Amino acid sequence: MGLFDKFRRGLEKSREAVWGRLTGVFQGRKLDESLYEQMEEALIAADMGVDTSLWMVERVRQLARQEKLSDPAGLPVLLQRAMEEAFADNDARMRTAEAGPTLYLVVGVNGVGKTTTIGKLAARYGKEGRKVILAAADTFRAAAIEQLVEWGTRAGCDVVRHSQGADPAAVVYDAIAAAKARRADVVLCDTAGRLHNKAHLMAELAKVNKVIARELPGAPHEVLLVVDGTTGQNALAQAKAFKEVVSVTGLVVTKLDGTAKGGVVVPIVREEGIPVKWVGLGEGIDDLEPFDAASFAAGICRP
Ligand SMILES: Nc1nc2c(ncn2[C@@H]2O[C@H](COP(=O)(O)OP(=O)(O)O)[C@@H](O)[C@H]2O)c(=O)[nH]1
Ligand SMILES: [Mg+2]
């Protein structure tokens, strides 16, 4: 299945959230202001946020005027164009090291899918022939370490771990040393994201970052914030909160399969300026796809 179809399938409910209430409305209607208002309401209800929803509908109005559109049947294509414009600056590429190991730090609150995403990334990079090392720097719960070890086995890569309660910065230090010694290409660092204790999380991530910067100049090459797509506006709030704690460089939106709230990706990118790099479309090892703006916009905007 191609990327377009994967997005289309994964975004089924999010698409339904927009068009479920609109398609009937379009039939036999003239293109008038009340239609635009209904479109606005539908986008807001589909978790695209007030600002971004108003912005997109205004853009659709402009495009419709330019193209002298009179039949509302032409609106989905214009909405898709407006959404693609919202993603115009989104660069989904991952930065890599010019020499030596590339290191990605993965942050986000508990349960959003950090460990799963790391497992999926490890499998993907492994398939590409890159040697991967995982750093179990979420030392808060023993189960979190075991879970990462399991993913390491599945993906066929080494996992650097200490015991529960150990200093995350020490785990990362050892993982970098192992990566240098074993000539690894990629180090993926799991972390515990206890955002309810902001000062503590900030201090912990600052210490981890200090070790990374000292041991691997130029790293981390990406700080990936993982958010759970099913939480809608809460994911947007987490993006705002994490930006205050650590310099996030990219976003991973998980669990887009089976949620009607996938639209939240648009305001996170447009309003928070965090580029979305990956989307999770299932629990399986292959269910992580690089973000593709055209496929995403078509997946939501074409009924
Ligand atoms: N359906 C679905 N489930 C996911 C996805 N990503 C993660 N999960 C599930 O979310 C739960 C929490 O994931 P986990 O990686 O442990 O989250 P962490 O606490 O942030 O490390 C697990 O049951 C995963 O299988 C996804 O893209 N789609
Ligand atoms: Mg975890």
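This is a predicted model: local features need pLDDT of at least 70, side-chain atom pairs count only at pLDDT 80 or more; totals for chains, interfaces and linings use all residues.
Me: How is a pair of packed helices described, and what is the angle between helix α11 and helix α12?
Reply: Two packed helices are described by the angle between their axes and the distance between the axes. Here helix α11 covers residues 233-245 and helix α12 covers residues 265-272. Their axes are 9 Å apart, and the helices pack at an angle of about 30 degrees.

Me: Is α11 roughly parallel or roughly perpendicular to α12?
Reply: Angles under 35 degrees count as roughly parallel. The angle between α11 and α12 is about 30 degrees. Therefore α11 is, in relation to α12, roughly parallel.

Me: Is the crossing of α11 and α12 left-handed or right-handed, and which residues of α12 make the contact?
Reply: α11 passes α12 in a right-handed crossing. On the α11 side, the contact is made by Ala235, Leu236, Ala239, Lys240 and Lys243. By class, this contact of α11 with α12 has five nonpolar, no polar and three charged residues. The partners on the α12 side are Pro267, Ile268 and Glu272.

Me: Is α5 roughly parallel or roughly perpendicular to α12?
Reply: Helix α5 (residues 50-66) and α12 have axes that come within 9 Å and cross at roughly 90 degrees. The range from 65 to 115 degrees counts as roughly perpendicular. So α5 is, in relation to α12, roughly perpendicular.

Me: How many polar residues are in the contact of α5 with α12?
Reply: Asp51, Thr52, Trp55 and Met56 in α5 meet Val266, Pro267, Arg270 and Glu271 in α12. Four of the residues in this contact are nonpolar and three are charged, while the number of polar ones is one.

Me: Is Thr115 buried or exposed, and which residue's side chain makes a polar contact with its side chain?
Reply: Thr115 is found in helix α7 (residues 114-127). Its relative accessible area is 9%, so Thr115 is buried. Leaving aside neighbours within four places in sequence, Thr115 is in contact with Gln147, Leu148, Trp151 and Asp190. The polar contact, at 2.8 Å, is with the side chain of Asp190.

Me: Is Asn110 buried or exposed, and which side chain is joined to that of Asn110 by a polar contact?
Reply: Asn110 lies in the loop between β1 and α7. With 54% relative accessibility, Asn110 counts as exposed. Beyond its neighbours within four places in sequence, Asn110 is in contact with Arg141 and Gly193. The polar contact of 3.5 Å is with the side chain of Arg141.

Me: How many Å apart in space are Leu224 and Val107, C-alpha to C-alpha?
Reply: Leu224 is found in strand β5 (residues 222-228) and, at 0% relative accessibility, counts as buried. Among the residues that Leu224 touches, not counting those up to four places away in sequence, are Leu105, Val106 and Val107. Leu224 and Val107 are 117 residues apart in sequence, yet their C-alpha distance is 6.1 Å.

Me: Which peptide bond is cis, with omega near -5 degrees?
Reply: The place to look is the loop between α10 and β5, where Pro220 is found. The cis bond runs to this proline from Ala219, giving Ala219 to Pro220.

Me: What relative accessible area does Arg183 have?
Reply: Arg183 sits in the loop between α9 and β4. This residue has a positive phi of about 55 degrees although it is not a glycine. Arg183 is exposed, and its relative accessible area is 72%.

Me: Where is Lys255, and what is its phi near?
Reply: Lys255 lies in the loop between β6 and α12. At 31% relative accessibility, Lys255 counts as partly exposed. Its phi is positive, in a residue other than glycine, and is near 60 degrees.

Definitions and conventions:
Residues are numbered from 1 along each chain as its sequence is written. Chains are lettered from A and ligands numbered from 1 in the order in which they are written. Side-chain values use heavy atoms; hydrogens and water are left out. Axes are lines fitted to C-alpha atoms, for helices over the stretch in contact, and angles run from 0 to 180 degrees between N-to-C directions. Helices (H or I, at least four residues) and strands (E, at least two) are DSSP runs, numbered from the N terminus. Angles under 35 degrees count as roughly parallel, over 145 as roughly antiparallel, 65 to 115 as roughly perpendicular and the rest as oblique. A crossing is left-handed if the near helix is turned anticlockwise from the far one by less than a right angle, and right-handed if clockwise. Contact means heavy atoms within 4.5 Å. Ala, Val, Leu, Ile, Met, Phe, Trp, Tyr, Cys and Pro count as nonpolar, Asp, Glu, Lys and Arg as charged, and the others, Gly among them, as polar. Buried means under 20% relative accessible area, exposed over 50%, partly exposed in between (1.4 Å probe, protein chains only). A polar contact is a pair of N or O atoms within 3.5 Å; within protein, one must be able to donate a hydrogen and the other to accept it, and residues adjacent in sequence count only if both atoms are side-chain atoms.
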